[in-house]
Amino acid sequence: MKRILIFGASGLVGSELVLALAGRGHQVIAPAHAEVDLRDVSLLESYVASVEADVVINAAGLLSIDALQKDPLPAWRSEERRVGKECR
């Protein structure tokens with residue numbers, strides 16, 4: 001089976017992914033926010049490299065609903081670019 005790294009595993013979507021993928025026999029790596037802050041590029045880069053996952057899923061999100069309702073696109077793009085860049 002595959003080694004799957006999931007960011008945001010404690011959230012609504014991430015927690016369901018962890019259950020579903022682990023239930024299918026995959027090895028799921030689900031770091032806590034305190035373990036890997038996605039805003040810290042150097043930490044993210046070294047963590048992704050060290051895990052050597054076959055698949056990386058970014059289910060992380062921001063907790064400020066008010067901010068996301070006002071301007072969701074920049075927040076989405078910044079996380080998508082940061083995690084995507086490190087996984088190439």
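1. Throughout this note, a residue is called buried if its relative accessible area is under 20%, exposed if that area is over 50%, and partly exposed in between, with a 1.4 Å probe and protein chains only. By that criterion E52 is exposed, with a relative accessible area of 61%. E52 lies in the loop between α2 and β3, and although E52 is not a glycine, its phi is positive, at about 55°. Most residues other than glycine have a negative phi.

2. The model is a predicted one, in which local features need pLDDT of at least 70 and side-chain atom pairs count only at pLDDT 80 or more, while totals for chains, interfaces and linings use all residues. Residues are numbered from 1 along each chain as its sequence is written, and side-chain values use heavy atoms, with hydrogens and water left out.

3. The secondary structure comprises four helices and three strands, where helices (H or I, at least four residues) and strands (E, at least two) are DSSP runs numbered from the N terminus. Along the sequence these elements follow the pattern β-α-β-α-β-α-α.

4. Strand β1 (residues 3–7) is paired with both other strands described here, pairing being taken to require at least two DSSP bridges between two strands. Three bridges join β1 in parallel to β2 (residues 27–29), and four bridges, also in the parallel sense, join β1 to β3 (residues 55–58). L5 has I29 as its bridge partner in β2 and V56 as its bridge partner in β3. Four of the five residues of β1 are buried.

5. Together with helix α1 (residues 12–23), β1 and β2 form a right-handed β-α-β unit; right-handed here means that, with the strands pointing away from the viewer, the path from the first strand over the helix to the second runs clockwise.

6. With contact defined as heavy atoms within 4.5 Å, and leaving aside neighbours within four places in sequence, I29 is in contact with R3, I4, L5, I6, Y47 and V51. For the protein, residues 24 or more positions apart account for 62% of the contacts with a separation of 6 or more, and buried residues make up 23% of the 88 residues.
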